[in-house]
Amino acid sequence: MKVYLDLFVSWFKMGLFTFGGGYAMLPMIQREVIEKHHWATEDEVMDYYAIGQCTPGIIAVNTATFIGYKVKGILGGIIATLGVVSPSLIIITLITALISNFSQLEIVQHALRGIQVAVCVLMFTAIEKLLKKGVTDVWTFLIFAAAFLLSSFTDLSTVILVILAGIAGYVMFTVKSRKKGGEQA
Amino acid sequence: MSTFFLMCWEFFKTGLFAVGGGLATIPFLQEMSAKYGWFTVQDLSTMIAVSESTPGPIGINMATYIGNHMFGFLGGTAATLSLVAPSVIVIIIIAGMLERFRDSKAVKGVFEGLRPAVVGFILTAVVSIYVSSLLFVDAWKASGSIADLFNWKALLLFAALLAFYKWKSKVHPVMIIFIAALCGMIFAF
């Protein structure tokens, strides 16, 4: 029983003290999961993290499920996940109540419109970073451009587009590795 | 009631297909806003700002915010659980064949295609946020004059903040949001 409680409390803390998710979470995971509770080794955590990035869903949740599952099976996975999402649920619920109570005020409206500009700035730099990581050659650029154009100018749903992108990636990877194989031979 | 289940289903789909972290959920949310009108693009922008300035994974924050926005606390909880359910299921399946999954060439290939594509999808969603925050499309359509299209105040603030953020890259995003809120109040955006 205590293990379940530990899992919940630990992941609750990790959810509470990380801003932005993703890599911001690694130092906390290191302290809680590796050093304090010895639930996994550093290599395992890095593996989970890498896999969490290429499986659907929120990376933090994927990592929590992995470690919870490793410690205590399916129930462990679920409890770790509930732990990591609970702080968000509580905090955001409070903030939503605040915003909906005050959003009619003119001064708040002005502030929110200013904040929208800040979001434009933050998204600008976020996309820049993602481009640097994701677009590394002509092939990946073509996929990026096709994805942008198709999602902007057609009615295809994002779900369909994600599936198409996965297929395109698989084809690209196969062609590329064949070429490499050919050159070596 | 049926809208409630539809919302849960949409978040379940988002959780199942948003690969690559929190920002990857934004295109799905923008699609939800365009398709059902549950919230506006401005709401989406506010949600991003709230998520960036509170702890916790961005995707979870957005789901909680939208669920709350639509159906109160119960909605926030249901949206969040719907979003994480596919992850939990997929990971539990994968955990049993960790090594095979990690070393699989097919998985690697699929992911190499998804990574740049997701950037393209996010860019599309972000363009719609830019249009709603920096331009006055309605005023332009009404008057037909191109001068009415640009929200000069917002564009100026955008340029200034971007320059500042580039110059001081260590500044926390919350600081940028805070400065922008102040400017919005002072200059009556």
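**Exercise 1.** How are H1(B) and H2(B) oriented to each other, roughly parallel or roughly antiparallel?

*Solution.* The model is predicted, with local features requiring pLDDT of at least 70 and side-chain atom pairs pLDDT 80 or more, whereas totals for chains, interfaces and linings use all residues. Residues are numbered from 1 along each chain as its sequence is written, chains are lettered from A in the order in which they are written, and side-chain values use heavy atoms, without hydrogens and water.

Step 1. Identify the elements: helices are DSSP runs of H or I with at least four residues, strands are runs of E with at least two, and both are numbered from the N terminus. H1 of chain B covers residues 2-17 and H2 of chain B residues 26-36.

Step 2. Take the geometry: the two axes come within 10 Å and cross at roughly 150°. Axes are lines fitted to C-alpha atoms, for helices over the stretch in contact, and angles run from 0 to 180 degrees between N-to-C directions.

Step 3. Classify the angle: under 35 degrees is roughly parallel, over 145 roughly antiparallel, 65 to 115 roughly perpendicular, and the rest oblique. H1(B) and H2(B) are therefore roughly antiparallel.

Step 4. Assign the hand: H1(B) passes H2(B) in a right-handed crossing. A crossing is right-handed if the near helix is turned clockwise from the far one by less than a right angle, and left-handed if anticlockwise.

Step 5. List the contact (heavy atoms within 4.5 Å): Leu6(B), Glu10(B), Phe11(B), Thr14(B) and Phe17(B) of H1(B) meet Phe28(B), Leu29(B), Met32(B), Lys35(B) and Tyr36(B) of H2(B). Seven of these residues are nonpolar, one is polar and two are charged. Ala, Val, Leu, Ile, Met, Phe, Trp, Tyr, Cys and Pro count as nonpolar, Asp, Glu, Lys and Arg as charged, and the others, Gly among them, as polar.

**Exercise 2.** Describe the packing of H8(B) against H9(B).

*Solution.* Step 1. The axes of H8(B) (residues 152-167) and H9(B) (residues 173-186) come within 11 Å and cross at roughly 155°. The pair is therefore roughly antiparallel, and the crossing is right-handed.

Step 1. On the H8(B) side the contact comprises Leu157(B), Leu161(B), Phe164(B) and Tyr165(B); on the H9(B) side it comprises Pro173(B), Ile176(B), Ile179(B), Ala180(B) and Cys183(B). By class, there are nine nonpolar residues, no polar and no charged ones.

**Exercise 3.** Characterise the interface between chain B and chain A.

*Solution.* Step 1. Count the residues: 92 of chain B are in contact with 81 of chain A.

Step 1. Give the area: about 7,700 Å² is buried, 80% of it from carbon and sulfur atoms. Buried area is the accessible area (1.4 Å probe) that two parts lose on being put together, summed over both. In chain B, Pro55(B), Ile91(B) and Phe121(B) lose the most area to chain A, together 8% of what that side buries.

Step 2. Lys166(B) and Glu128(A) form a salt bridge with an N to O distance of 2.6 Å.

Definitions and conventions. Salt bridge = Lys/Arg side-chain N within 4 Å of Asp/Glu carboxyl O.
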